[in-house]
Every structure is written in structure tokens, then in C-alpha cells.
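Subject: Structure for your review

Hello,

I am passing on the structure we discussed. My notes on it follow below the display.

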Amino acid sequence: MSNLKQLQDATSLRQLAKLLNIQFGMLSYLLFKKPKSKLYKKFDIPKRHGGMREIHAPERDLKLLQYRLSVLLQKCADEIKASHGHVEDEKHWGIAHGFKRHHSIMTNGRAHTARRFVFNVDLHDFFGSLNFGRVRGFFIKDKNFKLHESVATGIAQIACYENKLPQGSPCSPVMSNLIGHTMDIPLAQLAASEGVTYTRYADDLTFSTNNSSFPEKIAYKSGNHTWELGRQLLRIVQRSGFSFNDKKTRMQLQDSRQEVTGLTVNRKVNVTATYRYTVRSMANALFNTGNFEFIYKKLDDSGVEQVYRSKGKPKQLIGMLSYIDQVDQFNRKLWVENGLEPDPTLGRIKLFRRVLYFDKFYALNQPLIVCEGVTDNVYLRCAIKSLAALYPKIVAAGAPPKPMVGFLKYADRRTSEITQLTGGVGGICKLLKNYHEDLGTRFRAPAPKHPVIVLIDNDGGADSVYGAIAGITKKPKPNKKASSIHVTGNLYVVPTPQLPGLSKTAIEDFFDAPTLATVVNGRTFSKENNYDGSKHYGKATFAHEVVAKNANVIDFKNFAPLLERIVAVIDAYGAKLKAK
């Protein structure tokens with residue numbers, strides 16, 4: 001049975017609770033017994049164009065309930081679209097672009113590229129106008145839902161706070177799109193009849209056309225040369241229970257910069273040139289001084305654009321570069337799909353990488369250890385905590401002991417692509433070369449306060465690392481017996497120590513025999529990449545199921561020589577700083 005049919009068949013709050021996979025008692029407690037003051041946390045965030053936006057973040061249990069309701073309603077919405085023959089995916093976009101899978105400000109802007117006229121209007125108090133009565137009434141009366149009154153009431157009680165859909169609730173976005181759709185359909189019909197494209201992103205409505213004149217039913221130029229809302233547009237929006245924000249109405253012609261949801265759309269969807277120049281300026285200041293001013297523009301209460309400055313944080317700059325990269329990725333995908341040559345973006349990717357490198361490896365508040373993979377991080381953390389009493393420079397005693405070194409966390413796929421930190425020997429070699437280049441040509445800020453310690457297995461793969469080091473230092477390849485190698489700046493490489501009877505070592509070799517012989521589900525450990533899964537388990541299982549879960553009983557004494565090398569590097573870099 002479809003999700004929509006199950007929802008339509010429900011006739012009580014108890015049945016709704018079952019559909020949301022929550023105990024009826026818990027649902028009743030959240031809706032009727034728990035004090036309203038404890039259901040939400042209220043705070044304000046700045047709006048993009050000035051003023052503050054009031055956010056009501058639900059507490060954990062209510063948030064989970066609202067999330068489940070959101071998922072259920074989204075499934076119902078997808079079933080409704082499918083029943084009408086409508087498909088919305090990565091290639092087929094709908095009218096509404098906010099808060100939807102496969103939709104974004106880029107897809108919203110894409111619908112309005114290369115147009116003679118682009119007309120933007122904003123709705124006033126969009127979420128606030130979606131009150132309890134409207135939410136409940138929609139689910140009772142809408143022809144696609146027609147829910148039982150008790151169920152519709154329960155949905156409205158879960159979703160609403162202080163008689164409206166709160167911004168901050170997981171289910172407010174999908175509900176706003178469901179109710180907003182009753183306005184979207186007649187607006188899209190009006191636009192289509194006039195040769196105009198219409199889209200909506202939350203409360204932001206956009207109309208565009210290449211017609212020689214803009215249709216007066218949507219907007220017209222008054223006697224004082226300002227653009228006014230057309231009668232038909234006003235009538236549809238007002239009948240739908242919404243109103244306009246008069247301060248945010250603008251017509252943009254093709255010979256001026258045209259923007260839709262913050263992106264230029266004159267030729268393609270793009271971040272404004274001013275935005276990119278500002279980001280580059282802030283990045284250069286960071287590289288040269290270690291600090292930068294965070295510069296941003298927004299409208300004040302009177303509607304005048306003001307420039308604001310504050311001390312910048314690297315995460316702000318990384319967020320801005322990520323935003324630029326997302327737009328570039330969107331355009332690249334479209335060009336490839338259409339057999340076109342993508343615009344070059346290598347310069348922006350390099351800038352993004354340098355900022356990430358500066359943040360990860362240069363602006364450190366403690367020594368950083370870079371391992372070949374995530375499992376090595378697990379081993380080393382456990383060893384450091386186990387031997388805490390012997391190494392007070394890298395771990396603070398306590399319960400539990402707290403490492404005073406950081407570990408590089410390998411990030412998501414796109415960040416890994418940009419930084420080229422993909423793990424393994426290849427990723428280590430890219431790190432050495434890129435960081436050396438950045439130190440030599442870009443970074444002029446005060447010297448880092450702490451070292452970066454790259455830990456490598458002293459096996460066959462280490463030859464590539466030693467070759468990369470020789471290329472950077474212009475010296476012969478390091479000896480495998482070296483306890484550490486200074487590469488450049490605050491960057492060091494520490495190979496695993498050699499062991500009796502072993503000419504090559506990997507970090508797993510430092511575990512005792514009983515640990516390495518641990519059987520998991522009838523299988524034994526193999527440190528090889530290509531192993532028979534029916535007989536053996538790999539490094540991930542060994543790290544998480546064997547080492548992490550049994551760290552309090554494992555004997556880590558063989559890790560002592562490796563930790564001593566790490567401490568020696570920290571001391572050496574500290575002495576280097578003092579000598580300057």
C-alpha cells in the first residue's frame with residue numbers, strides 16, 4: 001500500500017503515530033503534556049539582504065518526529081506527482097526549487113538564463129502566513145490528500161508552533177511547498193499563457209521572458225517609470241493567502257546584471273564577479289598575514305545596501321569557496337551533458353585548495369598527525385591513550401586521557417578531490433608537493449606554531465614518498481633507517497621503525513601476536529588490500545571491531561618507538577622556532 005493511501009486511511013492520532021513509527025504515548029506527551037517553552041530553542045540569524053531571521057529549533061525528540069513527518073509527506077508528494085505523470089529529478093526540475101531533492105538556487109537560476117526581462121518579487125512573511133488553520137485545512141480539503149480531520153489536526157499540531165510553521169523545523173520546508181503549490185499552479189499557467197517562465201524558491205518568485213515587452217498581467221511600467229505588480233499576479237497571490245514584500249520587487253533588463261536567488265543569470269548561472277574578487281582578496285590577506293577581514297554586503301532596515309566588516313574565520317572563507325565551487329560543478333555537469341567544453345576553473349580550485357591547506361596544515365593550534373588512512377588514526381589514538389603516562393607531551397593524563405595532537409580527518413569526496421588528500425601513498429606524495437609549493441609561493445604569514453607529522457609505513461610504498469621528498473629537498477633519497485625527515489617548513493615525515501627480522505614495516509606490525517590473531521565471525525585478520533573475504537577480514541574491521549573495542553586490554557608497548565619519533569619531531573620543531 002502506498003504511503004499516501006496509508007495516510008488517507010488513517011482516522012486517528014494513534015494511527016498517525018504508527019505511521020510515524022513513534023509510540024502513541026510519546027506523541028501525546030510531546031503534543032499535549034511537555035511544556036511548550038521546552039519544545040523549541042529560539043535564536044536569530046542574519047538575513048541575506050538585511051535584518052534578522054527568527055529561528056525556532058525543535059528539541060531532539062520533536063525534531064526526530066518532525067523529520068519522520070517530513071519524509072512521509074515527501075514520499076506522498078512524489079507519489080502524487082507520479083500519478084499525474086510528473087517526474088522531478090536531476091534532469092527534470094519542477095516549479096518550486098527550494099528545499100527539494102535535485103533542486104537548488106542553481107536550478108532555480110538556470111530556468112532564467114539569457115533572458116531579456118527577469119522580474120523578481122518576494123512574498124511577505126511566507127512561513128508566518130502558513131498558520132495552524134491553513135495547514136490543517138490544506139490536508140483536509142486538498143484533492144490529493146483529503147485526510148481525516150483527526151489526522152490533519154495531528155499533522156498541524158506536530159508541525160506548528162505559536163500558530164505558524166516555524167523556521168527551523170524539519171517539516172516546515174516540505175509543508176510550505178505543498179501549500180505553496182496551490183499558488184504555483186495558477187501562476188505557472190498565467191506565465192505560460194504569456195510566454196513567460198515562472199519559478200519559486202521559498203518566498204522568492206521569478207518571472208522571465210525574451211518577449212519584446214513584458215506582459216502587463218504580471219508587471220507593468222507605471223507613469224513614474226517604476227515597475228508595478230500586474231493585476232492578475234496580485235489576484236492569484238492574494239487568493240492563495242499570501243502577500244508581497246513591496247521593498248523586494250525589481251525588474252532586471254538584459255543590458256544590466258540580472259540576478260536570481262543571488263546568482264547572475266545573464267549568460268549562465270554564476271557567482272557575481274564582485275563576490276569572487278572579494279573572496280580572492282580575503283584569501284590573499286590570510287596567506288600574507290594569517291588574518292583577514294570578512295567583508296559582506298546586506299540591506300539595512302531602510303533598504304540601502306551597506307558594507308560590513310569583521311574579523312574573518314577560515315571556515316567563513318571555506319564556506320564561500322565551497323559555494324563558488326558548487327556553482328562551478330553545476331555548470332560543468334550541464335556542459336558535459338550537452339557535449340560542450342566546460343569553462344576553465346582550475347584557478348578557483350587551486351585557491352580553494354590553498355585555503356584548505358592553510359587551515360589544515362598551517363594555522364594549527366596543536367601538532368597534526370597525518371596517516372595514510374583512517375584506520376591508522378584509530379590505531380594511533382588508542383596507543384597514545386594507552387601509553388599516556390609515558391608521553392605527557394602528546395597526551396594529557398585524565399579519565400580518559402586526552403591526546404594533545406590532532407589527526408587529519410579525510411573529508412568528503414569533493415573536498416578530497418580539491419585537496420588531493422585521497423589517502424594512501426599517492427595522497428601523501430600530493431600533500432608534500434602541494435604544500436611545498438604553497439609554502440614557497442603563497443604563504444607569507446607568521447610561521448606555524450606546530451608541526452605536521454606525516455606517518456608512513458616503511459614498506460615498498462615508502463619509496464614513492466622518499467622520491468617526492470628528494471624532489472623537494474634536492475637531496476638524495478632519505479635512508480629508510482631515518483627516524484624522521486624534515487621536508488619543508490613545519491612538514492615532517494616519520495616512517496615506522498624497523499623491527500627485528502623485518503626489513504619492511506607497516507603500522508599493523510606493532511600490535512602483539514594475540515591481537516593480530518583475533519578471530520572475528522570465524523575469520524582472521526589480513527592486512528593485504530586483496531584478501532579472501534570468506535576467510536579473512538580487513539583493516540577497517542580490525543581497527544573498529546578489534547583495536548577500538550579492546551583498547552583497554554591490548555598491549556601497545558611496541559608502539560613506544562613510533563611515539564618517541566613523534567615526540568622528537570615536536571621537540572625539534574619547537575627548537576627551530578625558538579632559534580628564529
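**Salt bridges**

Asp509 and Lys527 form a salt bridge through their side chains, with an N to O distance of 2.6 Å. Asp509 sits in the loop between β19 (491-495) and α17 (513-516), and Lys527 in the loop between β20 (524-525) and β21 (536-537), so the bridge ties together parts that are 18 residues apart in sequence. Lys527 is partly exposed, at 31% relative accessibility. Please keep in mind that this is a predicted model.

The structure contains 23 salt bridges. Another of them pairs Glu437 with Arg354, whose closest N and O atoms are 3.5 Å apart. This pair links distant parts of the chain, 83 residues apart: Glu437 belongs to helix α15 (residues 424-441) and Arg354 to helix α12 (residues 346-362). Glu437 is partly exposed, with a relative accessible area of 32%, whereas Arg354 is buried at 8%.

Arg60 and Asp61 also meet in a salt bridge, at 3.8 Å from N to O. Here Arg60 is exposed, with a relative accessible area of 69%, and Asp61 is partly exposed at 28%.

**Two buried polar residues**

Thr209 is part of strand β5 (residues 204-209). Its relative accessibility is 1%, so Thr209 counts as buried. A polar atom of the Thr209 side chain lies 3.0 Å from the backbone nitrogen of Asn211. Leaving aside residues up to four places away in sequence, Thr209 touches Arg115, Arg116, Phe117, Gly195, Val196 and Phe214.

Ser129 lies in the loop between β3 (117-123) and α6 (132-141). Ser129 has a relative accessible area of 18% and is buried, because the cut-off is under 20%. A polar atom of its side chain is 2.7 Å from the backbone oxygen of Phe126. With residues up to four places away in sequence again left out, Ser129 touches Arg134, Gly241 and Phe242.

**The protein as a whole**

The protein has 19 helices and 21 strands. Its C-alpha atoms fill a box of roughly 85 × 60 × 45 Å along the principal axes. Of its 580 residues, 46% count as buried. Among contacts between residues at least 6 apart in sequence, 65% join residues at least 24 apart.

Regards

How values were computed
Residues are numbered from 1 along each chain as its sequence is written. This is a predicted model: local features need pLDDT of at least 70, side-chain atom pairs count only at pLDDT 80 or more; totals for chains, interfaces and linings use all residues. Side-chain values use heavy atoms; hydrogens and water are left out. Helices (H or I, at least four residues) and strands (E, at least two) are DSSP runs, numbered from the N terminus. Buried means under 20% relative accessible area, exposed over 50%, partly exposed in between (1.4 Å probe, protein chains only). Contact means heavy atoms within 4.5 Å. A polar contact is a pair of N or O atoms within 3.5 Å; within protein, one must be able to donate a hydrogen and the other to accept it, and residues adjacent in sequence count only if both atoms are side-chain atoms. A salt bridge is a side-chain nitrogen of Lys or Arg within 4 Å of a carboxyl oxygen of Asp or Glu.
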